[in-house]
Amino acid sequence: MPFGKASSGVAPGAFLPCSNCRKTIFAAEFEANLRVCPYCGHHHRLTWQQRVDVVFDEGSFVELDTDLRSGDPLHFPDYAEKHAQAMQRTKMRDSVVSGRATLMGMPVSTAISDFHFMGGSMGSVAGEKITRAIERGAHEGIPAIIFCASGGARMQEGLLSLMQMAKTTAAVEACRSAGVPYIAVFTDPTMAGVLASYASIADVIVSEPRALIGFAGARVSKQAQVSKVPDDFQTAEFLLSHGMLDKIIERKNLRTNLASLCRLLGGHLAAVEATRG
Ligand SMILES: [Zn+2]
């Protein structure tokens, strides 16, 4: 699905460089190609609105949990200012947007991280929205699809951020108990506390190509004097070849592939229920 007019944000006739191969791309072509470089195939990051446009049925997304606001429990230096600036710049309230949508006609519960808001970091609001999206799927009997794009837990909220790891992880159990599929979609980047909690325990884990996926970033690994890691050790392709991912899906195929997964898992779970009954 092409981007909606509201989420494109690129002037017609403009050119821009690919952040990977540096070749110049005609902006209209770039947008039509869902922000994937036509030369090297690099999947550039999307805003949450663009993600909605790419995946869900047009006009079907309804945002929920809009009343949640982050506190500043530690009075962390500059946090309030940085948060306010991010809100102004992105027109978001925090790094995650959650709600309901339909995917090729199927109702789903979803939460979408946006890296443009403080690196997609997971503070108490992001964690709560993800938890609610997963639990909503369980309670309503509809698949929960979570899109990850995050540098990890938000350090400015200290332990409250780390607590989101346990909370979101526990929420996944609600889907298991209800027999509802929970699918995680890794996008660039999916790191640290996000990878180490709800992201990596989904029923099915898929990723966009060449997404950066890992726990400690390359700089931290270097500081810890971790040596001799392969050059591609934190890429989606490396993780797929080592059994950490189920599939890498190109952006243009994400919508149809996710719909097939929901249909397949939903049908399978219905069959299990029928044999139980
Ligand atoms: Zn490129």
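Residues are numbered from 1 along each chain as its sequence is written. Because the model is predicted, local features need pLDDT of at least 70 and side-chain atom pairs count only at pLDDT 80 or more, whereas totals for chains, interfaces and linings use all residues.

The protein is divided into domain 1, covering residues 1-42, and domain 2, covering residues 45-276, with bounds that come from an automatic or database domain assignment. The centres of the two domains, taken over C-alpha atoms, are separated by 24 Å. To the contact between them, domain 1 contributes 10 residues and domain 2 contributes 12 residues, two residues being in contact if their C-beta atoms, placed from the backbone, lie within 7 Å. On the side of domain 1 that touches domain 2, five residues are nonpolar, four are polar and one is charged; here Ala, Val, Leu, Ile, Met, Phe, Trp, Tyr, Cys and Pro count as nonpolar, Asp, Glu, Lys and Arg as charged, and the others, Gly among them, as polar.

Helices (H or I, at least four residues) and strands (E, at least two) are DSSP runs, numbered from the N terminus. Strand 4 (residues 96-103) is largely enclosed by the rest of the structure, because six of its eight residues are buried, a residue being buried if 20 or more other C-beta atoms lie within 10 Å of its own, exposed if 12 or fewer, and partly exposed in between, with C-beta atoms placed from the backbone. Strand 4 pairs in the antiparallel sense with strand 3 (residues 62-64) over three bridges, and L64 has S98 in strand 4 as its bridge partner; two strands pair if DSSP finds at least two bridges between them. With strand 5 (residues 106-113), strand 4 pairs in the antiparallel sense over eight bridges, and L103 has M106 as its bridge partner in strand 5. These two strands form a hairpin with two residues between them, and M104 in the turn has a positive phi of about 50 degrees.

Helix 3 (residues 48-55) is mostly covered, with seven of its eight residues buried, namely W48, Q49, Q50, R51, V52, D53 and V55. By contrast, P230, in the loop between helix 8 (218-223) and helix 9 (236-241), counts as exposed because it has 8 C-beta neighbours inside 10 Å.

Leaving aside neighbours within four places in sequence, the contacts of I134 are A144, I146, A171, V172, A174, C175, Y182 and Y198.
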